[in-house]
Amino acid sequence: MNEQKLMACQECDALQRIPHVDPGRKALCRECGSLLYRNPRGGMERPLALMSGAFLFYLLANLFPLVTLDIGGASRDTSLAGTGWALYQHDMKLLGILVLATTVMVPGTLIGGTLYVLTGLYWKKQLPGMRNVLLLLSHMHPWEMADVFVISVLVALVKMSGMAEVIVDVGLYALLAAIVLGIAARGGMDMFLMWELLERMQGKPRIADSAIDAGEAG
Ligand SMILES: [Zn+2]
């Protein structure tokens with residue numbers, strides 16, 4: 001297959017043709033040497049497996065209590081959504097919303113959306129709205145979100161420990177496992193490769209005729 005992909009370097013804007021890159025190898029910018037594109041070893045299989053694991057742990061995190069609060073001898077389980085709601089009701093509205101966003105909405109969107117696109121790409125099936133989901137995912141930065149998530153959970157636990165004794169439960173461990181697996185899955189996939197696969201599936205590959213050739217490295 002002699003299909004050529006066109007890509008602009010994110011560092012120096014040099015437009016170049018991407019050569020066929022074998023799995024486990026990468027393409028480097030001809031001008032400045034920065035990483036253009038990486039073809040992950042094992043293709044979509046590894047990210048798909050990791051993301052399925054993340055999805056299962058995410059379901060567990062929603063099914064099991066996140067923490068148990070011991071208030072004056074009476075213990076109460078708090079779920080993922082319940083933790084945010086409890087904070088919201090205890091005059092910590094902003095923190096409650098932050099916890100809800102970082103523990104429920106953002107991971108849910110990232111994990112569910114990525115799994116959806118990976119499933120379609122792996123089985124070469126066009127699923128409704130795949131383009132829009134991939135576009136949304138392209139704008140999300142999992143590392144930054146993991147930071148926000150960890151900080152908000154820590155702050156929430158410290159805040160709640162003032163009101164009650166906090167015992168960490170299965171749900172929180174499951175949530176952490178989901179986030180770690182999700183980040184590992186995202187680390188093993190390449191957005192450019194996903195766009196390529198999607199566009200090839202939809203019959204419009206990006207073909208370049210006027211660009212320099214990118215370098216290749218192992
Ligand atoms: Zn460059």
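Two strands are taken to pair if DSSP finds at least two bridges between them, and helices (H or I, at least four residues) and strands (E, at least two) are DSSP runs numbered from the N terminus. The structure described here is a predicted model, in which local features need pLDDT of at least 70 and side-chain atom pairs count only at pLDDT 80 or more, whereas totals for chains, interfaces and linings use all residues. Residues are numbered from 1 along each chain as its sequence is written.

The secondary structure of the protein chain comprises seven helices and nine strands. Of the 218 residues in the chain, 31% are buried, a residue being buried if 20 or more other C-beta atoms lie within 10 Å of its own, exposed if 12 or fewer do, and partly exposed in between, with C-beta atoms placed from the backbone. Two residues are in contact if their C-beta atoms, placed from the backbone, lie within 7 Å; among contacts between residues at least 6 apart in sequence, 64% join residues at least 24 apart.

Three strands form an open sheet in the order 6-5-7, with antiparallel pairing. Strand 6 (74–78) and strand 7 (165–168) are the edge strands, each pairing on one side only, and the twist from one strand to the next averages 25 degrees, where axes are lines fitted to C-alpha atoms, for helices over the stretch in contact, and angles run from 0 to 180 degrees between N-to-C directions. Strand 5 (residues 67–71) is joined to strand 6 by five bridges; within this pairing, Val67 stands opposite Thr78, and Thr68 has Asp77 as its bridge partner. The hairpin of strand 5 and strand 6 has two residues between the strands, and Gly72 takes a positive phi near 55 degrees there. Strand 5 also pairs with strand 7 in the antiparallel sense, over four bridges, and the bridge partner of Leu69 in strand 7 is Val166.

Helix 1 (residues 45–63) and helix 3 (residues 93–122) have axes that come within 9 Å and cross at roughly 145 degrees. Residues making the contact include Leu48, Met51, Phe55 and Tyr58 of helix 1 and Ile111, Leu115 and Leu118 of helix 3. By class, the contact has eleven nonpolar, three polar and no charged residues, where Ala, Val, Leu, Ile, Met, Phe, Trp, Tyr, Cys and Pro count as nonpolar, Asp, Glu, Lys and Arg as charged, and the others, Gly among them, as polar.

The 19 residues of helix 1 should span 27 Å at 1.5 Å a residue, which agrees with the 27 Å between its end C-alpha atoms; the expected span is 1.5 Å times one less than the number of residues. Buried residues of helix 1 include Pro47, Leu50, Ala54, Phe57 and Ala61, and what covers the buried residues of this helix includes helix 2 (80–89), helix 3 and helix 6 (170–187). Ala61 counts as buried because 27 C-beta neighbours lie inside 10 Å. Not counting residues up to four places away in sequence, Ala61 touches Leu80, Gly171, Ala174, Leu175 and Ala178, and its C-alpha atom is separated by 6.4 Å from that of Leu172, 111 residues apart along the chain.

Ser138, by contrast, lies in helix 4 (residues 130–138) and is exposed, with 12 other C-beta atoms within 10 Å. The C-alpha atoms of Ser138 and Trp195, 57 residues apart along the chain, are separated by 9.6 Å.
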